[in-house]
Amino acid sequence: MTPADLKARRTRRALSQTELARRVGVSRTTLWRWEQGRAAPSPEQSRRLRQSLRAAPSPPQRPNGLPIAQLRSGAATLFETPKAAIVHGDALGLLPKLPEACCDLIFADPPYNIGKRFAAFHDRWPNDAAYLTWCERWLSQCLRVLSPTGSLYLMASTQAMPQLDLWLRERIAVLSRIIWHYDSSGVQARRRFGSMHEPILHCVADASHYTFNSEAIAVEARTGARRKLIDHRKPVPAPYSSTKVPGNVWYFPRVRYRMAEYEAHPSQKPEALLERIVAASSNRGDLVLDPFAGTFTSGAVATRLGRRFLGFESQDEYVAIGRRRLGLSGPTRAT
Ligand SMILES: C[S@@+](CC[C@H](N)C(=O)[O-])C[C@H]1O[C@@H](n2cnc3c(N)ncnc32)[C@H](O)[C@@H]1O
């Protein structure tokens, strides 16, 4: 079994490195070294590996449709295909209608309480406490509908994120605190350091067993060396890998007027940002949920990458954008 085969077979069986290592009777580091090609199992260990992989139950088949039966009987307006649905309504009322543990990836980019106008919606709460209480209500629902191997990415203002981080880390594992760094827009601040980033929290339901497709998001590893460096720790010395998993500072330009993906929305996120999140933390056929979908960037990316998608949005204008981007031009189902 090659290192790549080993990793692919383990992932197909939905076994974590820790779990497979335990079954084979080696440390997680040893298994990691086998998967990296830095060491090779002995014939006896290979036999135990094969046996453990065969004995692991296959993960449940992905359902084909969407878990939206309860949404159909509510007061929401729904646009759907078998693989994607847009619901026009309030995320707080819609989330409780989803079954437990049905979402593999949740991308939540709520209003930030900074006074923006999203069509008829004004993004301003009476005070920070009221905003946090509102966030905790929908975040509790997100945690309920997240699958046991699922990931939640949360975007928030730099001001609110510390409190949300404190609240979340008592309930779920926070794996990374990501900075989305972008080029400055418009007028530069003159009497303070202008904002050039937004925080993103990457959380997983189970820190020892979650989807993370490192190959799918690999970026070039710049060493600065002119010649390829050779890794002599490998059984057969070979050049160091020329790719790596990106660190937690991500540079993506903001979406601007005249860019092909631009939509009329004050807080549209770039497709490149969502591509990294969806490719890393979900697999084909998985369900991606976006409770505050805006222009449905997450939906456009998720469906393009073969994921199922469910998105909520409270404003008609943005629902119309989402229907166009996702090709959900079918008849309205108003119930
Ligand atoms: C920050 S924007 C999301 C932008 C989105 N990620 C994109 O790339 O276009 C937040 C969105 O949440 C919507 N919204 C506000 N309150 C909502 C609620 N209670 N339920 C559903 N959507 C809501 C707003 O209309 C706005 O479009």
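The model on screen is predicted.

**Stop 1: helices H2 and H3**

Select residues 17-24, which form helix H2, and residues 28-36, which form helix H3. Their axes lie 8 Å apart, and the packing angle is about 105 degrees. H2 and H3 are therefore roughly perpendicular to each other. To see the contact, show Gln17, Thr18, Leu20 and Ala21 on the H2 side, which meet Arg28, Thr30, Leu31 and Trp32 on the H3 side. By class, the residues of this contact are four nonpolar, three polar and one charged.

**Stop 2**

Go to threonine 2, in the segment before helix H1 (3-12). Threonine 2 has 10 C-beta neighbours inside 10 Å and so counts as exposed.

**Stop 3: the nonpolar cores**

Next, select Ala85, Ile106, Cys142, Leu152 and Leu154. These touch the most other members of the largest nonpolar core, which has 63 residues. Helix H7 (residues 128-145) supplies the largest share of this core, with six residues. Apart from it lies another core, of eight residues, including Leu20, Val24, Leu31 and Leu49.

Return to leucine 154. Which residues is leucine 154 in contact with, leaving aside its neighbours within four places in sequence? They are Ala108, Leu164, Ile200 and Leu201.

**Stop 4**

Most residues other than glycine have a negative phi. Two residues to check against this background follow.

Asparagine 113 is not a glycine, yet its phi is positive, at about 65 degrees. Select it in the loop between S3 and strand S4 (117-118). Is asparagine 113 buried or exposed? It is buried, because 21 other C-beta atoms lie within 10 Å and the cut-off for a buried residue is 20 or more.

Alanine 119, in the loop between S4 and strand S5 (121-122), also has a positive phi, near 55 degrees. With 15 other C-beta atoms within 10 Å, alanine 119 is partly exposed.

**Stop 5: helices H9 and H10**

Now select helix H9 (residues 271-281) and helix H10 (residues 297-304), whose axes come within 9 Å and cross at roughly 55 degrees. That angle makes H9 oblique to H10. The crossing of H9 past H10 is right-handed.

In H9, show Glu271, Leu274, Glu275 and Val278; they meet Thr297, Ser298, Ala300, Val301 and Ala302 in H10. This contact divides into five nonpolar, two polar and two charged residues.

**Stop 6**

Keep H10 selected. How many of its eight residues are buried? Seven are, and H10 is mostly covered. The buried residues are Thr297, Ser298, Gly299, Ala300, Val301, Ala302 and Thr303.

To see what covers them, display the strands S2 (84-88), S3 (103-108), S14 (287-290) and S15 (308-313), along with H9 and helix H11 (316-326); these are included in the cover.

Note on methods:
Residues numbered from 1 in each chain as written. Predicted model: local features only at pLDDT ≥ 70, side-chain atom pairs only at ≥ 80, totals over all residues. Core = buried A, V, L, I, M, F, W, Y, C linked by C-beta atoms within 7 Å. Buried ≥ 20, exposed ≤ 12 C-beta atoms within 10 Å, placed from the backbone. Helix = DSSP H or I, 4+ residues; strand = E, 2+ residues; numbered from the N terminus. Contact = placed C-beta atoms within 7 Å. Axes fitted to C-alpha atoms, helices over the stretch in contact; angles between N-to-C directions. Parallel < 35°, antiparallel > 145°, perpendicular 65-115°, else oblique. Left-handed = near helix turned anticlockwise from the far one by under 90°. Nonpolar A, V, L, I, M, F, W, Y, C, P; charged D, E, K, R; others polar.
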